[in-house]
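Please examine the sequence and the three-dimensional structure shown below. The briefing that follows describes selected features, grouped by topic.

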Amino acid sequence: MDGRIVVGTFRDGGGENGMSELVRLTDVTKVYQGGLTGALNGISVSIEKGEFTAIMGPSGSGKSTMLNLVAGLDRPTSGTIAVGGTDLGKLGEAGLARFRRDHIGFVFQFFYLLPNLTALENILIPAQLMGNVATARAAELLDQLGITDVADRYPARLSGGQQQRVAVARALINNPMLLLADEPTGALDTHTGEQVMELLAGLHRQGQTILLVTHDAKLATRHAARVISVMDGKIVDDARLESPERAPSDVIRVRTEEVSR
Ligand SMILES: Nc1ncnc2c1ncn2[C@@H]1O[C@H](COP(=O)(O)OP(=O)(O)OP(=O)(O)O)[C@@H](O)[C@H]1O
Ligand SMILES: [Mg+2]
């Protein structure tokens with residue numbers, strides 16, 4: 001792939017199935033009904049287990065479309081998407097819904113908490129859908145995300161940052177193999193957005209695979225270890241970066257060095 005940078009031990013040698021591959025998109029296109037051009041125009045990419053990847057690109061470039069397809073919320077026009085070894089195209093509607101419930105956590109820009117349920121009740125919903133009592137797991141997440149003291153409050157009485165933490169806890173209650181987040185800091189002020197990203201980075205350090213869409217280059221380069229750039233429904237760059245605390249200018253420097261090798 002043009003512009004692909006490989007740093008460290010990662011190998012994408014085109015092998016069928018690296019041991020640790022979690023997501024693979026192969027020649028994925030998406031044309032919405034009534035769309036003049038494709039929202040995705042031939043995306044092929046592989047995400048390893050444990051990676052923290054940011055997807056960046058201009059408005060309308062296909063970022064949310066890509067995330068929704070990986071989540072099984074929508075289907076591609078052509079191409080295949082495999083998550084955890086499951087070919088999503090082979091699942092029917094019920095199978096896809098089950099797949100989402102059991103394996104995917106999704107965090108949205110505007111939280112989407114149910115207003116008539118408390119924070120804790122919101123967090124427990126996905127577990128209840130599985131028929132699980134997850135009180136201990138919920139307590140652990142409340143603690144980890146620093147929202148134990150607001151567990152019994154309704155969303156209207158929570159700050160934006162608190163609401164997003166509740167949404168993150170809800171996304172994680174079923175221990176999903178993949179956490180997807182579409183602009184999770186987009187509705188938060190800079191400081192709160194930074195805190196939410198710190199939390200995501202902490203989850204990543206504990207092994208959580210995260211695929212995140214963000215407009216914020218600073219946040220992406222500071223916390224994610226890989227930045228995929230999308231434009232007009234195509235991947236135009238894919239950079240893996242080794243050292244933490246990278247400034248955007250560092251990313252460009254790293255890429256230049258790698259390319260000239
Ligand atoms: N449900 C839909 N029906 C028709 N066209 C759509 C639909 N959703 C997205 N599109 C179109 O597909 C293209 C990609 O949209 P997408 O939402 O994936 O972009 P994005 O990169 O997430 O943009 P943003 O940064 O503004 O969220 C755009 O041209 C958009 O107008
Ligand atoms: Mg979007």
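Is R165 buried or exposed? R165 is buried, because 27 other C-beta atoms lie within 10 Å; a residue is buried if 20 or more other C-beta atoms lie within 10 Å of its own, exposed if 12 or fewer, and partly exposed in between, with C-beta atoms placed from the backbone. The structure is a predicted model, in which local features need pLDDT of at least 70 and side-chain atom pairs count only at pLDDT 80 or more, whereas totals for chains, interfaces and linings use all residues. Residues are numbered from 1 along each chain as its sequence is written, while chains are lettered from A and ligands numbered from 1 in the order in which they are written.

**The chain as a whole**

- The chain contains 8 helices and 11 strands; helices (H or I, at least four residues) and strands (E, at least two) are DSSP runs, numbered from the N terminus.
- Of the 261 residues in the chain, 40% are buried.
- Among contacts with a separation of 6 or more, 72% are between residues 24 or more positions apart; two residues are in contact if their C-beta atoms, placed from the backbone, lie within 7 Å.

**The surroundings of R165**

- R165 belongs to helix α5.
- Not counting residues up to four places away in sequence, R165 touches L145, G146, I147 and L199.
- R165 and F111 are 54 residues apart in sequence, and their C-alpha atoms are 8.9 Å apart in space.

**Helix packing around α5**

- Two packed helices are described by the angle between their axes and the distance between the axes.
- The axes of helix α5 (residues 160–172) and helix α6 (residues 190–205) come within 9 Å and cross at roughly 20 degrees; axes are lines fitted to C-alpha atoms, for helices over the stretch in contact, and angles run from 0 to 180 degrees between N-to-C directions.
- That angle makes α5 roughly parallel to α6; angles under 35 degrees count as roughly parallel, over 145 as roughly antiparallel, 65 to 115 as roughly perpendicular and the rest as oblique.
- The crossing of α5 past α6 is right-handed; a crossing is left-handed if the near helix is turned anticlockwise from the far one by less than a right angle, and right-handed if clockwise.
- On the α5 side, G160, G161, Q164, R165 and V168 meet T192, Q195, V196 and L199 of α6.
- The residues of this contact of α5 with α6 comprise 3 nonpolar, 5 polar and 1 charged; Ala, Val, Leu, Ile, Met, Phe, Trp, Tyr, Cys and Pro count as nonpolar, Asp, Glu, Lys and Arg as charged, and the others, Gly among them, as polar.
- Helix α3 (residues 119–129) also packs with α5, at an angle of about 25 degrees and with the axes 7 Å apart.
- Helices α3 and α5 are therefore roughly parallel to each other, and α3 passes α5 in a right-handed crossing.
- In this pair, A119, N122, I123, I125 and P126 of α3 meet V166, A169 and R170 of α5, and the contact has 6 nonpolar, 1 polar and 1 charged residues.

- Ligand 1 is surrounded by Y32, G35, A39, G57, S59, G60, S61, G62, K63, S64 and T65; a residue is near a molecule if its C-beta atom, placed from the backbone, lies within 6 Å of it.
- By class, this shell holds 2 nonpolar, 8 polar and 1 charged residues.
- Helix α1 (residues 63–71) is mostly covered, with 7 of its 9 residues buried.
- The buried residues of α1 are K63, T65, M66, L67, L69, V70 and A71.
- Just after α1, G72 has a positive phi of about 75 degrees.

**Residues with positive phi**

- Most residues other than glycine have a negative phi.
- D27, which is not a glycine, has a positive phi of about 50 degrees and is located in strand β2 (residues 21–30).
- D27 is partly exposed, because 13 other C-beta atoms lie within 10 Å.
- Leaving aside neighbours within four places in sequence, D27 is in contact with G42, S44, S78 and G79.
- Y112, which is not a glycine, has a positive phi of about 55 degrees and is placed in the loop between β7 (104–107) and α3.
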